[in-house]
Amino acid sequence: MSRLQQVTVLGATGSVGLSTLDVIARHPDRYQVFALTGFTRLSELLALCVRHVPRFAVVPESLAARNLQDDLRAAGLATQVLVGEEGLCQVSAAAEVDTMVAAIVGAAGLRPTLAAVDAGKKILLANKEALVMSGALFMQAVRKSGAVLLPLDSEHNAIFQCMPGDFARGLSQVGVRRILLTASGGPFRQTPLAELERVSPDQACAHPNWSMGRKISVDSASMMNKGLELIEACWLFDARPDQVEVVIHPQSVIHSLVDYVDGSVLAQLGNPDMRTPIANALAWPERIDSGVAPLDLFTIARLDFEAPDEQRFPCLRLAREAAEAGNSAPAMLNAANEVAVAAFLERRIRFPQIASIIEDVLGLEPVVAVNDLGAVFEADTKARALAEQWLNRNAR
Ligand code: NAD
Ligand code: MG
């Protein structure tokens with residue numbers, strides 16, 4: 001490779017951010033860190049800066065920025081600290097940047113991710129909420145700028161690997177019948193329904209196969225994560241919701257499959273470790289070592305599959321309905337879910353109330369067209385306000 005690829009990692013202190021930096025550190029001949037960002041745990045951001053020596057670091061507010069800047073100077077680093085969403089957009093779109101890793105959680109990642117899209121960068125997308133909120137506008141912006149959008153979500157990266165290179169022509173044109181999106185079923189796959197009323201945030205975050213941030217862990221427990229991923233898959237692969245089938249596969253070894261009209265079904269397998277999709281997307285179309293151990297099929301011994309139970313997991317149904325309704329529905333779904341998950345993590349509501357909040361919020365507001373980003377944020381704001389009202393009326 002002729003020169004080092006400059007990489008910005010948004011959400012560097014999080015689970016995906018740290019896995020990304022682990023892969024990058026294995027390949028100093030290929031990648032150089034341009035910018036790292038964090039929102040909390042800023043002492044960890046400092047340690048990451050010392051380790052990776054980025055040109056820029058971004059933090060949420062100016063007092064934190066001054067403190068980090070002082071600490072960086074004391075450590076002998078020339079890293080410049082920027083502040084807030086403006087700083088995030090700047091390090092996403094900077095002329096020097098080749099690749100932007102979107103690993104912020106939630107709606108907060110939308111504007112910075114779109115900044116990289118508009119600047120025509122290579123974008124490694126973990127922040128599914130950004131795409132779910134703004135799907136059509138996001139994909140239009142990708143086409144307009146010529147940005148290269150590569151999925152980090154393990155399922156979507158698996159689908160990407162199983163698709164023919166020219167899938168953008170349309171699924172029916174390339175002989176794809178459907179996408180089989182696998183799901184572990186999370187920690188509550190077999191928990192008696194009545195017990196779900198009493199599960200704690202820590203139980204919800206104890207995922208059987210993956211170690212992840214708390215928001216996506218709760219989403220995995222409610223299967224809203226799979227619902228968001230269904231919407232994500234529709235946008236990434238230009239699929240209709242009825243072309244994406246969710247398959248529960250508790251071992252999380254098959255990361256998803258593509259079903260072709262000739263009866264061939266291609267799957268991508270691997271140990272459940274985000275460094276595999278990260279390395280795949282970073283080096284695409286080449287392959288690099290990720291640090292992940294080889295898959296040992298003899299230890300795994302068996303692979304199981306079952307159909308999802310929408311009574312147990314109403315969030316999956318709500319997401320499918322939002323995918324079918326399109327327009328403002330996915331942004332409202334996502335916003336209501338973010339508020340509900342935060343309330344559950346703060347122990348303000350019980351686990352099954354996450355779905356109740358979302359269902360009630362979506363039932364209160366008509367679906368409207370979203371022709372610009374302003375309309376997306378309007379839908380987001382409205383759903384958050386309705387969810388907060390629900391909490392004030394009904395919590396606990
Ligand atoms: P995490 O909570 O571990 O990390 C989130 C990162 O975003 C942190 O660096 C945090 O400081 C930053 N952040 C949080 N709120 C912010 C805000 N308002 N403004 C700016 N930065 C903010 O989360 P994660 O598990 O790494 O997940 C990140 C994203 O990747 C999510 O969208 C998630 O759905 C997706 N994802 C994660 C995994 C996984 O294995 N963890 C797998 C697939 C997809
Ligand atoms: Mg996933």
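Okay, one term before we start: a residue is buried when its relative accessible area is under 20%, exposed when that is over 50%, and partly exposed in between. Also, keep in mind that what you see here is a predicted model.

Now over to the metal. Which residues are the protein donors of the magnesium ion, ligand 2? They're Asp153, Glu155 and Glu229, and they lie 2.1 to 2.2 Å from the ion. If you follow the chain, the donors have the spacing D-x1-E-x73-E. Glu155 belongs to helix 7, residues 154–162, and Glu229 to helix 10, residues 224–237, so this pair ties together parts that are 74 residues apart in sequence.

Are those two glutamates buried or exposed? Both Glu155 and Glu229 are buried. And how does Asp70 sit relative to Glu229? Going C-alpha to C-alpha, there's 41 Å between Asp70 and Glu229 in space, and they're 159 residues apart in sequence.

Last stop, the surface. There's a nonpolar patch of about 400 Å² there, and its members are Leu269, Leu295, Leu297, Leu303 and Phe305. Take Leu295 out of that group: you'll find this leucine in the loop between helix 11 (275–283) and helix 12 (297–300). Back to our opening term, then: Leu295 has a relative accessible area of 31%, so we call it partly exposed.

Terms used
Residues numbered from 1 in each chain as written. Chains lettered and ligands numbered in written order. Predicted model: local features only at pLDDT ≥ 70, side-chain atom pairs only at ≥ 80, totals over all residues. Heavy atoms only, no water. Donors = N, O, S within 2.8 Å, 3.2 Å for Na, K, Ca; no water. Helix = DSSP H or I, 4+ residues; strand = E, 2+ residues; numbered from the N terminus. Buried < 20%, exposed > 50% of the residue type's maximum accessible area, 1.4 Å probe, protein only. Patch = residues over 30% accessible without salt bridge, like charges linked within 9 Å, V, L, I, M, F, W, Y side chains within 5 Å. Areas by Shrake-Rupley, 256 points an atom, 1.4 Å probe, with all protein chains shown as cover. Salt bridge = Lys/Arg side-chain N within 4 Å of Asp/Glu carboxyl O.
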